[in-house]
Amino acid sequence: MVAPSTAPLLTQTGGPPAARTDDLPFALSLDRHSPEPLHAQVARQVRAAVLGGVLPAGAPLPGTRTLARALGVTRGVAEDAYAELLADGTVQAEVGRGTRVRPATPALPAPVAPAAPVPAWLPPTGPLPVDANPPATGLHFRLGVTGTRTLDTRAWRQAWAAAARAPVGGDYGDPAGERDLRAALAAFVGRQRGLAATEQEVLVTSGTLHALNLIVRALLPPGSAVLMENPGYRAARQVFLDAGHTLIPGPVDEDGLIVGPQTPPARLAYVTPSHQFPLGGRMCLPRRLALLEWARTHDALIVEDDFDGEFRYDAPPLPTLASLAAQTGAAGRVLYLGTLSKVLTPAVRTGFVVAPPALRPALVRARTLLDFGHPLPVQQALCWLLAGGHADRHIRRARRWHAQVRAALTGELQGLAPHATLGGIEAGLHLCLHLHGGLQARALAAALAARGIHVSTLESYTFAGPVPEALLLGYGGLSAAQAQAGGRELARLIREQVQG
């Protein structure tokens, strides 16, 4: 038995003070206000004393009467604590010998050096490829954000009420998504984007990045080459890199990705033709046809991320690559990605893939092995909103709202030529301010941040070649007054730098 300490062997909190006793071989402390049961507190501390070497192997423990008396608890508490310790093998009980620490219970060795935080063979983890933690204060021209001001809260509540009234499912459901939602999404993309699809071609996902991970997992052989816009969507780029694929930078201009005879072969091309991210251009029809021909020639797939495709202002929509593919020799090569996170709210975390019939089974298999599908109540609520036309009405309201915000912002910036020119204003929820005459994007962004206005540059979106001097201004989460105020301050700063 360990020699008794001169310090109190027993303390209690939340009750009358306990009497000192030498009957216990180590200190115990009970908290009567803790949600942890008293017997569990005793067992936990005895176990810690054994593992810490305070109670060596074979050391006797006091009898349950002695322990209960010392702690001021009922004997049942002591018996329950010993029963727990017996069950987990910390102690053993023998007739005539009482309760003792099991001889085979080793003490944990004292640490000799800090343990390595991760195994040495794990690859390094880089920063998040998304703006997960923006500054807490100031005016933020954040990319990829849409406001919810135009959301019909009454319809929103009704949708979730309808989901709550629906029967509770007794299984995991279809990993591709519930049939009613897939049918509603097929009809929705047909109305909004002119893409003819059936529910058999639709796969419900948790958003664009989730869809990309499924595609990488299901369809890309290891070490594949991927053609990607440069500058381009950095989170998508990281998905391909983390999977061990090689990126081929594809140059872009105001007409989108430049594809021609010089474009090298690849297994897959990832593009944002409706509103190129981040420069904002729309891929013109000749470029779309050239990309489809490239895919046919090189036996490649195309991922068409219809980024901001629902928000267009000054120009009619161009046909999707997926619909054009059906009219050309590239049929069956385009996977169309859509999302409801921008259409409604990111809170729903729902997107979808329209996949050629030959590719869809592999995607469903990957979804089954990864997480087996989308939450049923979310699917039911979204189905109610889509089937009832509420999502379409919301898009019309949101398009008018964002057009007003865009007009307020561009009204402050249009007079900056030739020092700065606007790009990507025909569609989407952000614009690109191209800088000229020696103006530097990084310096301007830093100066704006000092004034409480936060914008992005193209540094993190460019992975090959020189970084274009431009600022990215996301206005989806702003009001017209906020956008106007931020645009006015940016214009003032540019004029100061040009004149100074």
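Biologist: At about what angle does helix H5 (residues 179-193) run to E6?

Modeller: This is a predicted model in which local features need pLDDT of at least 70 and side-chain atom pairs count only at pLDDT 80 or more, whereas totals for chains, interfaces and linings use all residues. Residues are numbered from 1 along each chain as its sequence is written, and side-chain values use heavy atoms, leaving out hydrogens and water. Helices (H or I, at least four residues) and strands (E, at least two) are DSSP runs numbered from the N terminus; axes are lines fitted to C-alpha atoms, for helices over the stretch in contact (heavy atoms within 4.5 Å), with angles from 0 to 180 degrees between N-to-C directions. Helix H5 lies across E6, strand E12 (334-339) and strand E13 (351-354), and its angle to E6 is about 105°.

Biologist: Which strands stand at the edges of the open sheet of eight strands?

Modeller: The order is E6-E13-E12-E11-E10-E7-E8-E9, with mixed pairing (at least two DSSP bridges between two strands). One side of each edge strand is left without a neighbour in the sheet, because each has a single partner strand; the edges are E6 (202-205) and E9 (256-257).

Biologist: What is the bridge partner of valine 226 in E8?

Modeller: Strand E7 (residues 225-230) pairs with strand E8 (residues 246-253) in the parallel sense, over six bridges. In E8, valine 226 has as its partner leucine 247.

Biologist: Are H6 and H10 roughly parallel or roughly perpendicular to each other?

Modeller: Helix H6 (residues 208-219) packs against helix H10 (residues 360-370) at about 110°, and the axes are 9 Å apart. The contact includes Leu214 and Ile215 of H6 and Ala366 and Leu370 of H10. Angles under 35 degrees count as roughly parallel, over 145 as roughly antiparallel, 65 to 115 as roughly perpendicular and the rest as oblique. H6 and H10 are therefore roughly perpendicular.
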